[in-house]
Amino acid sequence: MGWNSYNHYSCSPNESIIQSNAKALVDFGLDTLGYRYVTTDCGWTVPDRLPNGSLTWNETLFPSGFPALGQYIHDLGLLFGVYQDAGIKTCGGPPAQAGSLCM
């Protein structure tokens, strides 16, 4: 079980939203009830793939980067997840999502 950014923030997540909600899981004791996952849903990517074809996070929305965000979440004792659609586009449109997710 866990928390997913889409349920309240739709395709508009950012670093502070993810961090504050992850901390809230711990502060309210929900982690002890089995809520262990913090998932960033759609809206986290840059508009286009990198030259090598991989996806990456939007540095405006996630200025510290996903490795730092993942470490923050792990330091809280939680697990970090990221949404990627198996189709050719995310639910909200670009970027094309087919292929690997590299971070």
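This is a predicted model: local features need pLDDT of at least 70, side-chain atom pairs count only at pLDDT 80 or more; totals for chains, interfaces and linings use all residues.
Residues are numbered from 1 along each chain as its sequence is written, and side-chain values use heavy atoms, with hydrogens and water left out.

**Exercise 1.** Work out in which order the three strands form the open sheet.

Step 1. Strands (E, at least two residues) and helices (H or I, at least four) are DSSP runs, numbered from the N terminus. Two strands pair if DSSP finds at least two bridges between them.

Step 2. The order is S1-S2-S3, with parallel pairing. S1 (2–4) and S3 sit at the edges, each pairing on one side only.

Step 3. Now zoom in on S2 and S3: they share four bridges in the parallel sense. Here Thr40 stands opposite Val82 in S3.

**Exercise 2.** Find which residues of helix H3 (residues 66–75) are buried, and what they pack against.

Step 1. Buried means under 20% relative accessible area, exposed over 50%, and partly exposed in between (1.4 Å probe, protein chains only). Phe66, Leu69, Gly70 and Ile73 are the buried ones.

Step 2. Looking down the H3 axis, the buried residues fall within an arc of 100°, so they line one face of the helix. That arc is taken from the directions from the helix axis to the C-beta atoms.

Step 3. The buried residues of H3 pack against helix H2 (15–27), strand S2 (37–40) and strand S3 (79–82), with contact meaning heavy atoms within 4.5 Å.
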